[in-house]
Amino acid sequence: MMGQIVAATLGVLAFAILFHAPRRSYPACALCGGFCWAMYLVFSALGLNIFMASVAAVAMMTLLARVLSVAMRMPNTVFIVTGIFAIVPGASIYYSAYSLMVSDMALFQLKSKETVLLAGAIALGIIVGMSLPQSVPLALGTLLRRAGLAIRGKREEA
């Protein structure tokens, strides 16, 4: 389990670098991705199905992204887009395309349905995480910023 979380964190870090996220956001992006995958594993272990575990994990990661966006004074999309990378159904997408190419329509239908379901779960998780009031992420992010825990590129003027 810990190896999976480390791999997800490193994968999201590489994704952030590859897609030119701001340098000072690299650690926070990696944290969002690792956190998202860890939450997915926890919710799966608690017995939630793949859809509900994905919705819950992405909603929790979206809340973390909102807190980090306030703390680091950056758009939350930087953290959300990179954070969901760990949970995107890449294998399902691959097997959908592969089964279509080899004309295995039964497997194509199964994997395509799984891919669309997981993509919907990711979208629903983001909607749930963004629909909560801004007051909590704002308060937590401000506390982090004041405590000096936010990573800064340049010294901020008071």
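## Basis and burial terms

Buried means under 20% relative accessible area, exposed means over 50%, and partly exposed lies in between, with a 1.4 Å probe and protein chains only. By that scale Tyr95 is partly exposed, at a relative accessible area of 40%.

This is a predicted model: local features need pLDDT of at least 70, side-chain atom pairs count only at pLDDT 80 or more, and totals for chains, interfaces and linings use all residues. Residues are numbered from 1 along each chain as its sequence is written, and side-chain values use heavy atoms, with hydrogens and water left out.

## Nonpolar core

A nonpolar core is a set of buried Ala, Val, Leu, Ile, Met, Phe, Trp, Tyr and Cys residues joined through side-chain atoms within 4.5 Å. The largest one has 31 residues, and Phe79 and Ile87 touch the most other members. Helix 1, helix 2, helix 3 and helix 4 (76-83) are the elements that give two or more residues to this core. Helix 2 supplies the largest share, 11 residues. Helices (H or I, at least four residues) are DSSP runs, as are strands (E, at least two), numbered from the N terminus.

Contact means heavy atoms within 4.5 Å. Leaving out residues up to four places away in sequence, Ile87 touches Cys36, Trp37, Tyr40, Ser54, Ala57, Val58 and Ile122. With the same exclusion of residues up to four places away in sequence, Ser69 touches Met74, Pro75, Asn76 and Phe79. Ser69 lies in helix 3. Ser69 is buried, with a relative accessible area of 11%.

## Helix 6

Helix 6 has 27 residues. From its first C-alpha to its last, helix 6 reaches 38 Å, close to the 39 Å expected at 1.5 Å a residue. The expected span is 1.5 Å times one less than the number of residues.

The buried residues of helix 6 are Lys111, Thr115, Leu118, Ala121, Ile122, Gly125 and Gly129. The buried residues of this helix pack against helix 3 (50-72) and helix 5 (90-101).

## Salt bridge

Side chains of opposite charge can pair when their charged atoms come close. A salt bridge here is a side-chain nitrogen of Lys or Arg within 4 Å of a carboxyl oxygen of Asp or Glu. The count by this rule is 1 salt bridge. Lys111 and Glu114 form a salt bridge through their side chains, at 3.7 Å, N to O.

Both residues, Lys111 and Glu114, lie in helix 6 (residues 105-131), 3 residues apart, about one turn of the helix. An α-helix has 3.6 residues a turn, so residues three or four places apart point the same way. Lys111 is buried, whereas Glu114 is partly exposed, at 28% relative accessible area.

## Cysteines

How many disulfides does a search of the whole structure find? It finds 0. A disulfide is a pair of cysteine sulfur atoms within 2.5 Å. The sulfur of Cys29 is 6.6 Å from the closest cysteine sulfur, in Cys32, so the two are too far for a bond. Cys29 is buried, with a relative accessible area of 0%. Cys32 is buried as well, with a relative accessible area of 0%.

## Aromatic pairs

Rings of Phe, Tyr and Trp (its six-membered ring) pair if their centres lie within 6.5 Å; planes under 30 degrees apart count as stacked, over 60 as edge-to-face and the rest as tilted. The structure holds 5 aromatic pairs. In one of them, Tyr94 and Tyr95, the ring centres are 5.2 Å apart and the planes lie at 70 degrees, so the pair is edge-to-face. Elsewhere, ring pairs link Phe15, Phe19 and Phe85 into a cluster.

## Loops and backbone

Most residues other than glycine have a negative phi. His20 has a phi near 55 degrees, a positive value in a residue other than glycine. His20 is found in the loop between helix 1 (2-18) and helix 2 (26-45). His20 is exposed, at 69% relative accessible area.

Ser103 also has a positive phi, near 65 degrees. Ser103 lies in the loop between helix 5 and helix 6. At 54% relative accessibility, Ser103 counts as exposed.

Ala139 lies in helix 7 (residues 135-147) and counts as partly exposed at 43% relative accessibility. Ala139 and Val70 are 69 residues apart in sequence. In space, Ala139 and Val70 are 8.7 Å apart, C-alpha to C-alpha.
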